[in-house]
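Please read its points beside the sequence and the model.

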Amino acid sequence: MYEKIKNSAEYIAHFLNNEEYTIGIILGTGLGELGKSIEIKHTLPYSTIPDFPVSTVQGHKGNLLIGKFGGKNVIAMQGRFHFYEGYPMTEVTFPVRVLHEIGVKHLFVSNAAGGVNTNYLVGDLMVITDHINLFPEHPLRGHNLDELGPRFPGMTDAYSPRIIKIANECARQLDIKLQHGVYAGLQGPSFETPAEYNWIRVIGGDAVGMSTVPEIIVARHMGMECFGMSVITNSTASPELIKTNHAEVQDIGNTAQPRMTALFREIISKL
(Lines give C-alpha, C1' and ligand atoms only; values in the text may rest on other atoms or scores of the structure.)
Protein backbone atom coordinates (compact mmCIF):
# COMPACT_ATOMS: atom_id res chain seq x y z
CA MET A 1 0.00 0.00 0.00
CA TYR A 2 2.83 2.39 0.80
CA GLU A 3 4.13 2.10 -2.76
CA LYS A 4 0.68 3.00 -4.09
CA ILE A 5 0.50 5.98 -1.73
CA LYS A 6 3.85 7.22 -3.01
CA ASN A 7 2.83 6.68 -6.65
CA SER A 8 -0.31 8.80 -6.22
CA ALA A 9 1.54 11.47 -4.24
CA GLU A 10 4.36 11.73 -6.77
CA TYR A 11 1.85 12.26 -9.60
CA ILE A 12 -0.01 14.99 -7.70
CA ALA A 13 3.27 16.64 -6.64
CA HIS A 14 3.97 17.52 -10.29
CA PHE A 15 1.08 19.99 -10.10
CA LEU A 16 2.15 21.69 -6.87
CA ASN A 17 5.06 23.67 -8.37
CA ASN A 18 7.21 22.98 -5.31
CA GLU A 19 4.77 24.99 -3.14
CA GLU A 20 3.73 23.86 0.34
CA TYR A 21 0.19 22.54 0.73
CA THR A 22 -0.61 21.85 4.38
CA ILE A 23 -4.43 22.12 4.30
CA GLY A 24 -6.71 19.42 2.92
CA ILE A 25 -10.52 19.55 2.59
CA ILE A 26 -12.92 16.65 1.99
CA LEU A 27 -16.23 17.85 0.54
CA GLY A 28 -19.13 15.50 1.24
CA THR A 29 -22.59 14.83 -0.21
CA GLY A 30 -24.22 17.97 -1.56
CA LEU A 31 -21.19 20.07 -0.62
CA GLY A 32 -18.97 19.53 -3.64
CA GLU A 33 -19.98 22.89 -5.12
CA LEU A 34 -17.96 24.58 -2.38
CA GLY A 35 -15.12 23.85 -4.76
CA LYS A 36 -16.33 26.75 -6.92
CA SER A 37 -15.13 29.13 -4.20
CA ILE A 38 -11.58 27.82 -4.48
CA GLU A 39 -9.20 29.72 -6.76
CA ILE A 40 -8.39 26.61 -8.75
CA LYS A 41 -4.97 26.10 -10.27
CA HIS A 42 -5.46 22.47 -11.29
CA THR A 43 -8.36 20.02 -11.40
CA LEU A 44 -7.29 16.38 -11.36
CA PRO A 45 -10.04 13.79 -12.01
CA TYR A 46 -9.55 10.85 -9.67
CA SER A 47 -9.45 8.57 -12.72
CA THR A 48 -6.20 10.21 -13.87
CA ILE A 49 -4.34 9.71 -10.55
CA PRO A 50 -2.37 6.43 -10.37
CA ASP A 51 -3.85 3.91 -7.90
CA PHE A 52 -6.61 6.34 -6.80
CA PRO A 53 -10.17 4.95 -6.34
CA VAL A 54 -13.09 6.46 -8.30
CA SER A 55 -16.26 7.69 -6.55
CA THR A 56 -19.56 6.10 -7.61
CA VAL A 57 -22.04 8.22 -5.62
CA GLN A 58 -24.32 10.85 -7.17
CA GLY A 59 -23.30 14.30 -5.89
CA HIS A 60 -19.63 13.35 -5.63
CA LYS A 61 -17.84 14.75 -8.67
CA GLY A 62 -14.60 12.86 -8.20
CA ASN A 63 -12.00 15.60 -8.64
CA LEU A 64 -8.94 16.68 -6.70
CA LEU A 65 -8.81 20.48 -6.64
CA ILE A 66 -5.51 22.29 -6.16
CA GLY A 67 -5.66 26.01 -5.47
CA LYS A 68 -6.15 28.80 -2.93
CA PHE A 69 -8.94 29.28 -0.40
CA GLY A 70 -8.96 31.76 2.45
CA GLY A 71 -5.62 33.01 1.20
CA LYS A 72 -3.98 29.61 1.79
CA ASN A 73 -2.87 26.81 -0.50
CA VAL A 74 -5.40 23.98 -0.24
CA ILE A 75 -6.05 20.58 -1.78
CA ALA A 76 -9.74 19.66 -1.83
CA MET A 77 -11.41 16.36 -2.55
CA GLN A 78 -14.62 16.95 -4.51
CA GLY A 79 -16.16 13.63 -3.56
CA ARG A 80 -15.10 10.88 -1.17
CA PHE A 81 -15.22 7.09 -0.96
CA HIS A 82 -17.56 5.07 1.22
CA PHE A 83 -17.43 1.61 2.74
CA TYR A 84 -20.95 0.90 1.41
CA GLU A 85 -19.71 1.32 -2.16
CA GLY A 86 -17.82 -1.93 -1.71
CA TYR A 87 -14.37 -0.47 -1.13
CA PRO A 88 -12.24 -2.00 1.63
CA MET A 89 -11.30 0.46 4.37
CA THR A 90 -7.78 0.75 2.99
CA GLU A 91 -9.23 2.31 -0.19
CA VAL A 92 -11.86 4.39 1.63
CA THR A 93 -9.04 6.09 3.54
CA PHE A 94 -6.38 5.90 0.82
CA PRO A 95 -6.77 9.58 -0.26
CA VAL A 96 -6.10 10.74 3.31
CA ARG A 97 -2.85 8.77 3.25
CA VAL A 98 -1.93 10.44 -0.03
CA LEU A 99 -2.74 13.93 1.28
CA HIS A 100 -0.45 13.30 4.23
CA GLU A 101 2.33 12.07 1.94
CA ILE A 102 2.03 15.33 -0.04
CA GLY A 103 2.46 17.37 3.15
CA VAL A 104 -1.08 18.06 4.39
CA LYS A 105 -1.08 18.60 8.16
CA HIS A 106 -4.59 20.00 8.74
CA LEU A 107 -7.61 18.05 7.48
CA PHE A 108 -11.06 19.62 7.15
CA VAL A 109 -13.91 17.16 6.65
CA SER A 110 -17.55 17.89 5.82
CA ASN A 111 -20.56 15.65 5.49
CA ALA A 112 -24.34 15.48 5.39
CA ALA A 113 -25.79 13.82 8.49
CA GLY A 114 -29.09 12.86 10.04
CA GLY A 115 -29.97 14.84 13.14
CA VAL A 116 -30.34 12.55 16.15
CA ASN A 117 -30.40 15.33 18.74
CA THR A 118 -34.02 16.52 18.79
CA ASN A 119 -32.87 20.12 19.32
CA TYR A 120 -31.31 20.18 15.86
CA LEU A 121 -33.14 21.72 12.91
CA VAL A 122 -32.85 20.75 9.26
CA GLY A 123 -30.06 22.84 7.72
CA ASP A 124 -28.13 23.35 10.98
CA LEU A 125 -24.34 23.20 10.90
CA MET A 126 -22.84 20.92 13.55
CA VAL A 127 -19.22 21.11 14.62
CA ILE A 128 -18.08 17.54 15.30
CA THR A 129 -16.57 17.38 18.77
CA ASP A 130 -16.15 13.60 18.89
CA HIS A 131 -17.30 10.46 17.09
CA ILE A 132 -18.60 6.93 17.68
CA ASN A 133 -17.19 4.31 15.33
CA LEU A 134 -19.98 1.86 14.40
CA PHE A 135 -18.45 0.59 11.16
CA PRO A 136 -18.04 -3.20 10.91
CA GLU A 137 -14.38 -2.91 9.89
CA HIS A 138 -11.71 -0.71 11.49
CA PRO A 139 -9.57 1.29 9.03
CA LEU A 140 -6.37 0.35 10.90
CA ARG A 141 -7.13 -3.38 10.94
CA GLY A 142 -4.27 -5.53 9.67
CA HIS A 143 -0.53 -5.03 9.50
CA ASN A 144 0.53 -1.62 10.80
CA LEU A 145 2.82 0.47 8.61
CA ASP A 146 5.19 2.07 11.10
CA GLU A 147 6.20 4.63 8.45
CA LEU A 148 2.65 6.04 8.71
CA GLY A 149 1.86 5.88 12.42
CA PRO A 150 1.83 3.82 15.65
CA ARG A 151 0.07 0.49 16.12
CA PHE A 152 -2.23 1.86 18.84
CA PRO A 153 -2.95 5.55 18.15
CA GLY A 154 -4.90 7.56 20.71
CA MET A 155 -8.21 9.16 19.70
CA THR A 156 -8.52 11.72 22.49
CA ASP A 157 -9.07 15.14 20.88
CA ALA A 158 -9.53 13.50 17.48
CA TYR A 159 -11.21 16.77 16.49
CA SER A 160 -8.83 19.62 17.24
CA PRO A 161 -9.92 21.77 20.21
CA ARG A 162 -7.72 24.54 18.77
CA ILE A 163 -9.57 24.64 15.44
CA ILE A 164 -12.95 24.25 17.14
CA LYS A 165 -12.16 27.36 19.20
CA ILE A 166 -11.25 29.25 16.01
CA ALA A 167 -14.47 28.02 14.37
CA ASN A 168 -16.58 29.31 17.26
CA GLU A 169 -14.91 32.72 17.06
CA CYS A 170 -15.39 32.89 13.29
CA ALA A 171 -19.06 31.84 13.56
CA ARG A 172 -19.70 34.68 16.01
CA GLN A 173 -18.06 37.17 13.65
CA LEU A 174 -20.10 35.89 10.70
CA ASP A 175 -23.33 35.54 12.73
CA ILE A 176 -23.59 31.85 11.83
CA LYS A 177 -25.37 29.54 14.28
CA LEU A 178 -23.41 26.41 15.19
CA GLN A 179 -24.42 23.22 16.92
CA HIS A 180 -21.78 21.05 18.59
CA GLY A 181 -22.09 17.31 18.90
CA VAL A 182 -20.99 13.72 18.50
CA TYR A 183 -21.09 12.10 15.05
CA ALA A 184 -21.92 8.39 14.83
CA GLY A 185 -20.58 6.60 11.74
CA LEU A 186 -22.56 3.66 10.33
CA GLN A 187 -21.93 1.48 7.28
CA GLY A 188 -25.07 2.36 5.25
CA PRO A 189 -26.26 2.66 2.53
CA SER A 190 -29.78 2.43 3.97
CA PHE A 191 -30.94 5.34 6.08
CA GLU A 192 -31.54 4.61 9.75
CA THR A 193 -34.79 3.27 11.19
CA PRO A 194 -36.54 5.17 14.00
CA ALA A 195 -35.34 2.49 16.44
CA GLU A 196 -31.76 2.95 15.24
CA TYR A 197 -32.01 6.71 15.72
CA ASN A 198 -33.18 6.08 19.30
CA TRP A 199 -30.29 3.65 19.88
CA ILE A 200 -27.76 6.19 18.59
CA ARG A 201 -29.24 8.85 20.86
CA VAL A 202 -29.00 6.52 23.88
CA ILE A 203 -25.31 5.78 23.27
CA GLY A 204 -24.48 9.48 22.97
CA GLY A 205 -24.76 10.38 19.29
CA ASP A 206 -26.09 13.74 18.11
CA ALA A 207 -25.88 13.08 14.36
CA VAL A 208 -25.35 10.02 12.17
CA GLY A 209 -23.84 9.43 8.76
CA MET A 210 -21.97 6.98 6.56
CA SER A 211 -18.52 8.58 6.27
CA THR A 212 -15.90 10.72 8.04
CA VAL A 213 -15.04 8.42 10.97
CA PRO A 214 -12.63 6.17 9.01
CA GLU A 215 -10.95 9.22 7.45
CA ILE A 216 -10.44 10.89 10.82
CA ILE A 217 -9.06 7.73 12.42
CA VAL A 218 -6.49 7.36 9.64
CA ALA A 219 -5.63 11.07 9.72
CA ARG A 220 -5.04 10.95 13.46
CA HIS A 221 -2.98 7.77 13.03
CA MET A 222 -0.61 9.96 10.98
CA GLY A 223 -0.72 12.89 13.39
CA MET A 224 -2.88 15.22 11.29
CA GLU A 225 -4.93 17.95 13.00
CA CYS A 226 -8.61 17.47 12.14
CA PHE A 227 -11.79 19.53 11.99
CA GLY A 228 -15.19 18.15 11.03
CA MET A 229 -18.57 19.68 10.27
CA SER A 230 -21.96 18.15 9.45
CA VAL A 231 -24.93 19.64 7.66
CA ILE A 232 -28.04 18.32 9.40
CA THR A 233 -30.29 17.06 6.61
CA ASN A 234 -33.21 15.59 8.56
CA SER A 235 -34.49 15.60 12.12
CA THR A 236 -35.82 13.07 14.62
CA ALA A 237 -38.00 15.68 16.28
CA SER A 238 -41.06 14.12 14.59
CA PRO A 239 -41.80 11.01 12.47
CA GLU A 240 -42.42 13.20 9.42
CA LEU A 241 -39.01 14.88 9.66
CA ILE A 242 -37.13 11.56 9.97
CA LYS A 243 -38.04 10.56 6.42
CA THR A 244 -35.46 11.53 3.82
CA ASN A 245 -33.85 10.46 0.55
CA HIS A 246 -30.56 11.11 -1.20
CA ALA A 247 -31.97 13.92 -3.38
CA GLU A 248 -33.21 15.80 -0.29
CA VAL A 249 -29.85 15.31 1.39
CA GLN A 250 -28.12 16.88 -1.62
CA ASP A 251 -30.61 19.78 -1.77
CA ILE A 252 -30.19 20.65 1.91
CA GLY A 253 -26.42 20.36 1.56
CA ASN A 254 -26.54 22.82 -1.32
CA THR A 255 -28.66 25.24 0.73
CA ALA A 256 -26.11 25.14 3.54
CA GLN A 257 -23.13 25.67 1.26
CA PRO A 258 -22.87 29.48 1.49
CA ARG A 259 -22.64 29.36 5.30
CA MET A 260 -20.21 26.47 5.36
CA THR A 261 -18.08 28.06 2.63
CA ALA A 262 -17.89 31.37 4.49
CA LEU A 263 -17.03 29.64 7.75
CA PHE A 264 -14.39 27.33 6.28
CA ARG A 265 -12.79 30.27 4.46
CA GLU A 266 -12.57 32.33 7.63
CA ILE A 267 -11.19 29.45 9.73
CA ILE A 268 -8.56 28.54 7.15
CA SER A 269 -7.49 32.17 6.81
CA LYS A 270 -6.64 32.16 10.53
CA LEU A 271 -4.53 28.98 10.54
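**Notes on the predicted model**

1. T212 has a relative accessible area of 1% and is therefore buried (buried means under 20% relative accessible area, exposed over 50%, partly exposed in between, with a 1.4 Å probe and protein chains only). T212 lies in the loop between β8 (207-209) and α6, and its phi is positive, about 70°, although T212 is not a glycine. Most residues other than glycine have a negative phi, and most peptide bonds are trans.

2. On the basis of these notes: this is a predicted model, in which local features need pLDDT of at least 70, side-chain atom pairs count only at pLDDT 80 or more, and totals for chains, interfaces and linings use all residues. Residues are numbered from 1 along each chain as its sequence is written, and side-chain values use heavy atoms, with hydrogens and water left out.

3. V213 belongs to helix α6 (residues 213-221); helices (H or I, at least four residues) and strands (E, at least two) are DSSP runs, numbered from the N terminus. V213 counts as buried because its relative accessibility is 0%. Leaving aside neighbours within four places in sequence, V213 is in contact (heavy atoms within 4.5 Å) with H131, I132, N133, F135, Y183 and G185. V213 and G185 are 28 residues apart in sequence, yet their C-alpha atoms are 5.9 Å apart in space.

4. A second residue with positive phi is D175, at about 55°, and D175 is not a glycine. D175 sits in the loop between α4 (161-174) and β7. Is D175 buried or exposed? With 72% relative accessibility, D175 counts as exposed.

5. The peptide bond from G188 to P189 is cis, with omega near 5°. P189 is found in the loop between β7 (178-185) and α5 (194-202).

6. Helix α1 (residues 2-13) has 12 residues and should span 16 Å at 1.5 Å a residue, which agrees with its end C-alpha atoms being 16 Å apart; the expected span is 1.5 Å times one less than the number of residues. The buried residues of α1 are I5, S8, A9 and I12. Seen down the axis of α1, these buried residues fall within an arc of 95°, so they line one face of the helix; the arc is that of the directions from the helix axis to the C-beta atoms. An α-helix has 3.6 residues a turn, so residues three or four places apart point the same way. What covers the buried residues of α1 includes β2 (39-45), β3 (63-69) and α3 (94-102).
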